[in-house]
Amino acid sequence: MSVVNVHTPEVPVREVRLNSITGFFGSARELVGCSHARKVREQTRSFTQGMMCSSTAAFCQLSMIIDAAVINHAPIGCAGDFPQFHVTYRIGQMERGLPPLLGHYYNSNITESDTVFGAAEKLAQVIRQVYRRAQPKAIFVTTSCASGIIGDDIEGTVKDAQAELGIPVIACVCEGFRSKIWTSGFDSAYHSVVRGLVKPPRQKTKKINIINFWGSHIFEELLEPLGYEVNYILPFSTVAQLQWVSESAATIQICPTLGSYFGAALEQIYKVPEIKAPPAYGLAGTDRWLRELGDVLGVRDEVEKLIVREHARIKPRLALYRKKFEGKTAYLTAGAAHGHAIIALLRELGFYVKGAAIFHHDPLYDNEDPTSDALAQNIRLYGDITNYSVCNKQAYEIVNLLTRYRPDILVARHGGMAHWGAKLGIPSFLVDDEQFGFGYQGILNYGERIEDTLNNREYLANFAAKSVSPYTKWWLEQEPYCFLGGEARVEAY
Amino acid sequence: MSRRTEARQGIEVAGALSASSEIGNKTNSLPAGMDAAPNALPQPLSSLPKPPHSALIEWPRYSCALGAQQTVVAIRRAVPILHSGPGCSTKVQALIGQGEGYAGGSTIPCTNAGEAEVIYGGEERLREVIDGSLQVIDADLYVVLTGCTTDIVGDDTASVVGNYQFEGRPIVFAETGGFKSNNYVSHELVVNNIINQYVDPKRDDGKIRAGLVNVFASVPYQDPFWNGNLEEYKRILEGVGFEVNILFGEDSDGIAEWLTIPEAQANIVIGAWTGLDIARHLKECYGTPFVHFPYFPIGARDTTTFLRQVLDAVNPNERGRARAEAFIRREERKFYAHIDTLMDFLLEFRYALPRRLYTLLDASYALGFTRFLLNEVGIIPARQFVCDNTPEQYRDEIQERFLEVSHLGLHTAEVTFLTDAGLAHDLIRLDAGIDPAAHNAALERGINVGGSGSGSDGSRSLIVGSSWERQLAADIGADLFIASVPLVYKLVLGATIVGYRGGIRIVEDLYTKVLDTFR
C-alpha cells in the first residue's frame, strides 16, 4: 500500500505515486495485464489539446464544504472555475432542501509585481480579510502554477494565519503544471482535509462515509434499514462533520478514481475500512459490491436476501431493454473508474462497446488491491474491449474515432465531448450524477435514458447536416493514434 | 446587532479597502435617487483614502491575460494555440465562454506545460504542438498565446513562432501570461499583434478605401452579447453608408476582412477605454484617424448621437449625409413606436416596477445602461460599480460622464471603481437595510433573510450585473438583468443589447422578467 504521509504539505502526484498514465491504445486486457505486472509505461502525444488541471479538481471538492472558505492563490484567470461549481452548489442545495447559501470563494489576484517580489505577504492579508468577511470555520488555500513557480511559502503563511485566527487554515498544493492527471487534484484536496481537519476518533459510530461528488442521495435507502447512517463527503458536508470522518464504520467510494487517496488514508491512519470491491455498476458488479459491504458491516444475510429480491424486481425490464438494444453499438469517453462503470452498464444492457476513451489509467489504486480494479472485473465479467484508449480529453482523437466507428450512441462524462457526437448526428448524452447508474436500479435508469436518447434524433440529423468541423480532411483520414507514442510502447507481459 | 457584526462592519470594510486599489476616492456626493433608501447608513467608500495595493477578489467577472484566447476564437476560422498549463483554456472558457465557436473549447491546442517544460523549457513542445495544429486544425489564422508557466520560465516564443512566419505560415503570437494583465487589456495586445505580425506584412500598397471603417467595440465573449452587438453596429453603420470591417463574429468575413484593416478611412472605437490602444496603434502605423464614442450606445438617443458623431468626423458628402439622416429617421420612428407601447405599460401598470438602478458592469456598459434606463425608460441611478479594473488614466473622464448621464441635467450617478464585487454586494445590502454579516450568519443557520427593498414601498430596485448577483437580488427584492459574465443563469445566442434594436430587446427582456415575478 502506498504510504500516506500527512507530515508533508503535499501528496505526490499520481504519475509518481501510482505510476498512472494518460496515453495508451490497445486492448483493455493488455492494459490490465501490464498494470498488475507493474509494467505499464506512459505514452505521450506530440500534438495535444487543452485538458483540465488539478486545481479545478481540488476546488471541485473543497468548494461545497458549507462553512469553509476557499482562497485561490493565483492570477484572476484561475478563478474561472468558480461559477460552474457555485451553480452546482446552489442547485445541490435545492435538491437537498438547504437554504440558499453562497459559496465563499476568493482569489488573491497575483499580478506581475507579485511574480517578482513574491505574494506570501499579500496572501496573509487576504486570509485575514476572508476570515472577517466570511467568518468561516476553516480556510483552504489552493495554489497555482504562478504561486508554485515563484516559490511562495504557502505552508509558513497558513501556519501563521492559523495561529493568529484560531481556525484551521490549510494549504492545498495543486499547481496545474505538476501533473497531467487532473485527478491528482482530488488527492490534494483530501490530503489537506486529512492533514488539517480530521481528528483521531473519540469512539466508533454507525456512520458510513460516502466519498462522492454531488450525486443523488441513494444510499439512505440501502444503509438505514441495516442500522447505519450515511455521511456524504466532501460536498455539502460541514467542517465539524469532516473532523470526525475518522469515527465511521466504513468508507464507500462512488468512484475510486475520486476517493482512492482519501479512502486509503482513512483506513491507514484511522482504521476505517474501505469497501474495496469496484462500485456497484451492472448486475454482477452490484452483487459483488453488496456482498463485500455485507461482510464488512456484518449483515451478509440481509444482503443476500436483498440481492434475490432486487434481481427478481429488475430482471423483467432488463430483458426488455436487452432485446431492444441487441446489436447496437456504443462508444464512451469518461474518467477512469466511472468510465469502467459505464462500460459495465452498457454491456449489461446489451450494447456492443466498440471502444472507449478513458481520461487516464491508475494501474492500481492507493490500496494496491487488485480486487479494486474495475476494468479487470469488467473483462472477467463481459470480455475484453479491443479498442481501449487512455486519452485525456483529446477531442481530435475522439472525433477521428467517432467518424470511423459511427456508434449508435455516445456516452460522455465530461464537458466538451458530447457535442462532437451531435455534430456527427450520433445520439449522445452526458452523465453528471454517478449515483444515477448505481446499483440495480441504476441499470434500469440507464436503459431508460438510452432509450429516450436513441428515440430523439430529428434535431440531431438536422444539425449534423449543417454543422461545421474545424478538423482537416487529412486528419480524419489518418490513423487516430498517429500522434501517440514516441517514447515507448506498453511492454507485453 | 451582535458584537461580531459590529466588528465586521467597522473592520471588514476598512480592512478590505486598505488592500484594494480599485476604489474611487472622488465620489463624495450622495448618489441621485438615494433618498428612497430605507435605511440611512454610512457611506464608507467615499470617506476613506485611496489604498495602495490590490488583492482580494470575490465574485470575479473578468479573466486573466490569457482570456484573450476568446478574442481569437471570435475571429472566424482562427484558432488559438496555448503554450500554457493544462487547465488554463478550460478555466477561461468556464468564466467567459458560452459555446465553443469554430475552434474554441475542447478544440484549442495546448502544450499542457508540465514539470519538464517548467524546468527544461518548453520550446520543443511548442514546436510539436504547432506542427500538429497546422496539420489537424483547418484554420486561416493560428495565434500562439503564452500562459504563466511559459512567461515566468522565459521560453523564447518569438523565435519559435518566427520560424513558422518565415516559412509563410499564417501564425502570430502574443505574451499573455495570466498575471500580466486581464483580458480587457490583452484583447488589445492580441489584436495589435495580429496586425503587426500578419496583416502588415501582407499589405501591398498604401491605398485608402473611402467609406471603409474598422470597428473596435465589444471584447468578444467578455461582452456576452458581443456577436449580436457587433451585428447591430455593422447594420447601423452600413445603414448610414459605411462599408464596415466588424472583424469578429458571424457577420465578419474573417481573415480577408482583417487584411483590409490598413485601407480603412477611419477607425471607430466604441467603449470607455478598451480599443483605444488599437486605434492609437493604427494611427501610428497607417495614419488612420479614429473616432471614440466612450460608452455602449443603447436605445435611439445614444445610438443616433453615436452615428452623428461618426458622420461628422468621417465627413461624407452631402448626398451621403442625406441618406444617412433618412436611415436615422426610419430607425428612430420604429424605435419610438415601440417605446410608445412601453409608455403605455409603464404609466398604467398598477404594481411596483423597478425604479432604482444598480450596475456592476464594465465602464462601457455601466454608462450605456445608466444613460439608457434613465433617459428612455425612467429608472433612476442609485450606485454604479465599475468592475473592469479601469486603468487609472481613464477614471476621471469616466467619472465626469457619470455626472452627465441625464439629458436634462437632473440626475448624476455615483460611480465606484472596484474589482472586488464582494464590497459592492455589501454596500447594496446596506442600502436595503440588510447587515451583510448578519445576513451570512443567518443563512448559515438556515434562516432565509429578505430585505426591505422589495415591492410596494416604491423602492424596488434593478440590478444590471452578472449571475453572481442572483442571491443579492433575491435578498433585497430586486430584479436582475444579466449583462455581464459569468452567465450561469442566461443563455445568449445572437441577441443584441446595443443600438436601436438592443434598446427594444432590453426593455422586452427586463419587463418580461419583472412581470414573471407576480403571481
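# Reading a predicted two-chain model

Analyst: Asn112(B) lies in the loop between helix 4 and helix 5 of chain B, where helices (H or I, at least four residues) and strands (E, at least two) are DSSP runs numbered from the N terminus. Residues are numbered from 1 along each chain as its sequence is written, while chains are lettered from A and ligands numbered from 1 in the order in which they are written. This is a predicted model, in which local features need pLDDT of at least 70 and side-chain atom pairs count only at pLDDT 80 or more, although totals for chains, interfaces and linings use all residues.

User: What is the phi of Asn112(B), and is Asn112(B) buried or exposed?

Analyst: Most residues other than glycine have a negative phi, and most peptide bonds are trans. Phi of Asn112(B), however, is near 45°, a positive value in a residue other than glycine. A residue is buried if 20 or more other C-beta atoms lie within 10 Å of its own, exposed if 12 or fewer, and partly exposed in between, with C-beta atoms placed from the backbone. Asn112(B) is buried because 30 other C-beta atoms lie within 10 Å. Lys271(A) also has a positive phi, near 60°, and is found in the loop between helix 12 (256-270) and helix 13 (283-297) of chain A, but Lys271(A) counts as exposed because it has 10 C-beta neighbours inside 10 Å.

User: Which residues are joined by cis peptide bonds?

Analyst: One cis bond joins Ile233(A) and Leu234(A), with omega about -10°, and Leu234(A) belongs to the loop between strand 8 (229-233) and helix 11 (239-243) of chain A. Another joins Val485(B) and Pro486(B), with omega about -5°, and Pro486(B) sits in the loop between strand 13 (479-482) and helix 20 (499-515) of chain B.

User: Where does helix 14 of chain A bend?

Analyst: The bend at a residue is the angle between axes fitted to the seven residues ending there and the seven starting there. Helix 14 (residues 300-325) of chain A bends by about 40° at Lys315(A), and a proline, Pro316(A), follows within four residues. Val303(A), Ile314(A), Tyr321(A) and Phe325(A) are buried in this helix, and the buried residues of helix 14 pack against helix 13 and helix 19 (439-454) of chain A. Just after helix 14 of chain A, Gly327(A) takes a positive phi of about 85°.

User: How many residues does each chain give to the contact between chain A and chain B?

Analyst: Two residues are in contact if their C-beta atoms, placed from the backbone, lie within 7 Å. Chain B gives 70 residues and chain A gives 66 residues. Helix 4 of chain B gives the most to the side of chain B that touches chain A, with seven residues. Strands can be read too, since two of them pair if DSSP finds at least two bridges between them. Here two bridges join strand 4 (residues 105-107) of chain A to strand 1 of chain B, and the two run antiparallel, with Tyr106(A) opposite Glu58(B).

User: Where in chain A does pLDDT stay under 50?

Analyst: pLDDT is the predictor's confidence in each residue, from 0 to 100. Where pLDDT is low, the predicted coordinates should not be read in detail. The mean pLDDT of chain A is 95, and 98% of its residues reach 70 or more, yet pLDDT stays under 50 over residues 487-493 of chain A.
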